[in-house]
Amino acid sequence: MSKNNGSSYSGLVGMMSAKQRRNAALTCVALIAVAAFLYMAQSGSLLDAYGVRILRLCAVYSICALSLNLIQGYTGQFSLGSAGFMALGAYVTAILSMSDANRESVYYLKPMASWLASIHLPYGAALILGGILAGLVALLIGIPVLRLKGDYLSIATLGFSEIIRILLNNAQSISNGATGLKNINPTANLWWCFGALALVVLFMTRLFRSSYGRAFLAIRDDEVAAEAMGVSIFKHKMMAFVSSAVIAGIGGGLMASVLGAVTPVLFRHMMSYDILLIMVLGGTGTMTGAILGGFIFVIAKEALRFMDSGFAIGFIQVPAIAGLRMVMFSVMLMIVVLFYHKGLSGGKEFSWDRLFGFPRKIAARFTKSGKAGAGK
């Protein structure tokens, strides 16, 4: 009996190790394929400049959706302050990495502040500093705000986001006011954007496998029970809020480089709503959903652009209606919410085991339904 149990255990271990080896091999192949695709796309042999720009925006919006998912999807705190933190990261990155020639052409209404004019940083350092500054601001905001819950928290974070935007709109010698910044160095190519996305995914994966990540999930599910188990609610909320702001600031810094110009109008409350829409579309509480939603959001908005200029359906000519593509996009979102209430990802993370097990589940379902029909 013990011999059989031992052989069964060793066989199970062998099967698990074989599956792990298969998953590791598939992951390596997938990473090599993605790297090859990015290399060909960046070199221009696969996509034109417009296609590369769309891919860069897909990665940037995915990063911003991951930042919101960290505080809302995994910790259960309804925040609408993404646009404010993205604005901080965008402006800090753009200003500190801007050349002297660009500064002279941009700050023509009022010279840049003297204490700021002497600071020059490489793009990578400016990007990290933008994320850190967004995190510090989140720390200050979080002290009074994170004591609120539900709708009150969302309204408070939205208000602070608007405060940040208004300050940038009026700080003429720092942010160039309502005119904004242009001629921003386009350093953030595909390698920067997708490299940052990979690092954010790696960070969040390690985070949620740690005790801090499990505490975040416990707070999301039941704050009272989590506190009874000894979890410091305010401390972990603050950690999630600050980490989310840092990631959003990095996303904003990448966005500034991709777009080449930023203004305070870009970071209105609609930006926060877009990030929330991406998260709901892909699936709240999953990194797979945030990335899937980011890609679908950017690509769909561009693919539906023809609707704003008029189009024909057979013999029916639809006139040009401004904003029609957003109406269609809203309809698509309603369909997803009605029929896929957990988002397009189904509320589950991607895994090779689930991918290979899906056909077997479909076959088993058909087999089961066939047997039931035969029994009748």
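In the predicted model, E162 and R165 form a salt bridge in which the closest N and O atoms are 3.1 Å apart. Both residues belong to helix α7, which spans residues 150-170, and because E162 and R165 are three residues apart there, about one helical turn separates them.

The structure holds four salt bridges in total. Among them is the pair R305 and E302, with 2.8 Å between the closest N and O atoms. R305 counts as partly exposed at 39% relative accessibility, and E302 is also assigned to the partly exposed class, at 22%. Another of the salt bridges joins D221 to R220, and here the closest N and O atoms are 3.4 Å apart. D221 is exposed, with a relative accessible area of 58%, while R220 is partly exposed at 35%. With regard to charge over the whole protein chain, 31 positive and 14 negative charges are present, and the mean positions of the two sets lie 12 Å apart.

The protein chain contains 16 helices and two strands. Along the principal axes, the box filled by its C-alpha atoms is roughly 85 × 65 × 40 Å. Of the 376 residues in the protein chain, 42% are buried. The accessible surface amounts to about 19900 Å², and carbon and sulfur atoms account for 69% of this area. When contacts between residues at least 6 apart in sequence are considered, 78% of them join residues at least 24 apart.

Two buried loop positions illustrate the contacts made within the chain. V262 is located in the loop that connects α12 (233-259) with α13 (269-282). With a relative accessible area of 1%, V262 is buried. Once neighbours within four places in sequence are set aside, the residues in contact with V262 are A90, Y91, G180, L181, I184, A256 and F267. For one of these, I184, the separation from V262 is 78 residues in sequence, and the C-alpha to C-alpha distance is 8.6 Å. Apart from neighbours within four places in sequence, S345 is in contact with G282, G283, T286, T288, G289 and L292.

L292 is also part of a nonpolar surface patch of about 1000 Å², together with V327, M328, V331, M332, M334, I335, L338, F339, Y340 and L344. Helix α15, covering residues 324-339, gives the most to this patch, with eight residues. F339 is one of the patch members and is found in helix α15. At 62% relative accessibility, F339 is classed as exposed, since the exposed class begins over 50%.

N185 is placed in the loop between α8 (172-175) and α9 (190-208). Its relative accessibility of 41% puts N185 in the partly exposed class. N185 and F329 are separated by 144 residues in sequence and by 32 Å in space, C-alpha to C-alpha. P111 lies in the loop between α4 (100-106) and α5 (114-117). P111 is exposed, with a relative accessible area of 60%. For P111 and C64, the sequence separation is 47 residues and the C-alpha to C-alpha distance is 32 Å.

How values were computed:
Residues numbered from 1 in each chain as written. Predicted model: local features only at pLDDT ≥ 70, side-chain atom pairs only at ≥ 80, totals over all residues. Heavy atoms only, no water. Helix = DSSP H or I, 4+ residues; strand = E, 2+ residues; numbered from the N terminus. Buried < 20%, exposed > 50% of the residue type's maximum accessible area, 1.4 Å probe, protein only. Contact = heavy atoms within 4.5 Å. Areas by Shrake-Rupley, 256 points an atom, 1.4 Å probe, with all protein chains shown as cover. Lys, Arg positive; Asp, Glu negative; His and termini not counted. Charge placed at Lys NZ, Arg CZ, Asp CG, Glu CD. Patch = residues over 30% accessible without salt bridge, like charges linked within 9 Å, V, L, I, M, F, W, Y side chains within 5 Å. Salt bridge = Lys/Arg side-chain N within 4 Å of Asp/Glu carboxyl O.
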